[in-house]
Amino acid sequence: MGETKPEIIIENGRPVIKCPHCGRNTPLDSVICVKCGRVVRRVTGKLPFDTWKCHICGEERPDERISVVTKPLVINGQTVGDQNIRYCNDRPACIEGAKEFSFFKEVMK
Ligand SMILES: [Zn+2]
Ligand SMILES: [Zn+2]
C-alpha cells in the first residue's frame, strides 16, 4: 500500500531517481526527495543499481550485464556442492571463460 517504485534514469552519466511525487531528479542514494522532502525509496532492501564482480575479467558490472552459471564443485573427484560463477553476459571472452572457470582447480598429475 502506498509503496513507491522510483524510476531510475541516467542524467549526465549518473543514475538518478525521479521523484514519484514531484518529478524532480534526486541522487540515487537519496531516501527523501531533495525538493519535496517525501520518501522516494524505502531505506531497506538493496539499492536499485546493484553491481557484481565478474569472476572472469574481475570488473564490477551492473546487474543486468552479469549472468550466473551454477556448476557442481568437485574436489578430489567428489561433488561437494555448487559454485556460482558470475560472468559478463555481453563479453564473449567472459562467456567462454565461465565455461572453463572453477573456484577449485584440480591438480592434474
Ligand atoms: Zn519530490
Ligand atoms: Zn567479465
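Among contacts in the chain between residues at least 6 apart in sequence, 27% join residues at least 24 apart; two residues are in contact if their C-beta atoms, placed from the backbone, lie within 7 Å. The model is predicted: local features need pLDDT of at least 70, side-chain atom pairs count only at pLDDT 80 or more, and totals for chains, interfaces and linings use all residues. Residues are numbered from 1 along each chain as its sequence is written, while chains are lettered from A and ligands numbered from 1 in the order in which they are written.

**Overall make-up and confidence**

- One helix and seven strands make up the secondary structure of the chain; helices (H or I, at least four residues) and strands (E, at least two) are DSSP runs, numbered from the N terminus.
- Along the sequence, the elements follow the pattern β-β-β-β-β-β-β-α.
- Of the 109 residues of the chain, 16% are buried; a residue is buried if 20 or more other C-beta atoms lie within 10 Å of its own, exposed if 12 or fewer, and partly exposed in between, with C-beta atoms placed from the backbone.
- Mean pLDDT for the chain is 83, and 83% of its residues reach 70 or more; pLDDT is the predictor's confidence in each residue, from 0 to 100.

- An open sheet is formed by three strands in the order E1-E2-E3, with antiparallel pairing; two strands pair if DSSP finds at least two bridges between them.
- E1 and strand E3 (25–27) stand at the edges with a single partner strand each, so one side of each has no neighbour in the sheet.
- From one strand to the next, the twist averages 50°; axes are lines fitted to C-alpha atoms, for helices over the stretch in contact, and angles run from 0 to 180 degrees between N-to-C directions.
- Five bridges pair E1 with strand E2 (residues 14–18) in the antiparallel sense, and isoleucine 9 stands opposite valine 16 in E2.
- Asparagine 12 lies in the loop between E1 and E2 and has a positive phi of about 55° although it is not a glycine.
- Asparagine 12 is exposed because it has 6 other C-beta atoms within 10 Å.

**Cysteine 22**

- Cysteine 22 is placed in the loop between E2 and E3, and its 14 C-beta neighbours inside 10 Å make it partly exposed.
- Cysteine 22 is in contact with Cys33, Lys35 and Cys36, leaving aside neighbours within four places in sequence.
- Cysteine 22 and cysteine 36 are 14 residues apart in sequence, and their C-alpha atoms are 6.8 Å apart in space.

- Strand E6 (residues 66–75) and E7 run antiparallel and are joined by ten bridges.
- Serine 67 stands opposite tyrosine 87 in E7, and isoleucine 66 has cysteine 88 in E7 as its bridge partner.
- E6 and E7 form a hairpin with two residues between them, and asparagine 76 is in the turn.
- Asparagine 76 has a positive phi of about 50° although it is not a glycine.
- With 8 other C-beta atoms within 10 Å, asparagine 76 is exposed.

**The largest nonpolar core**

- Eight residues make up the largest nonpolar core: Cys54, Ile56, Ile66, Ile85, Tyr87, Cys88, Cys94 and Ala98. A nonpolar core is a set of buried Ala, Val, Leu, Ile, Met, Phe, Trp, Tyr and Cys residues joined through C-beta atoms within 7 Å.
- Strand E7 (78–88) and helix H1 (92–100) each supply at least two residues of this core, and E7 gives the most, with three residues.
- Isoleucine 85 is in contact with His55, Val68, Val69, Lys71, Ala98 and Phe101, leaving aside its neighbours within four places in sequence.
- In soluble globular proteins, nonpolar side chains tend to be buried together.

**Glutamate 60**

- Glutamate 60 lies in strand E5 (residues 60–62) and is exposed, with 10 other C-beta atoms within 10 Å.
- Not counting residues up to four places away in sequence, glutamate 60 touches Thr51 and Lys53.
- Glutamate 60 and aspartate 50 are ten residues apart in sequence and 9.6 Å apart in space, C-alpha to C-alpha.
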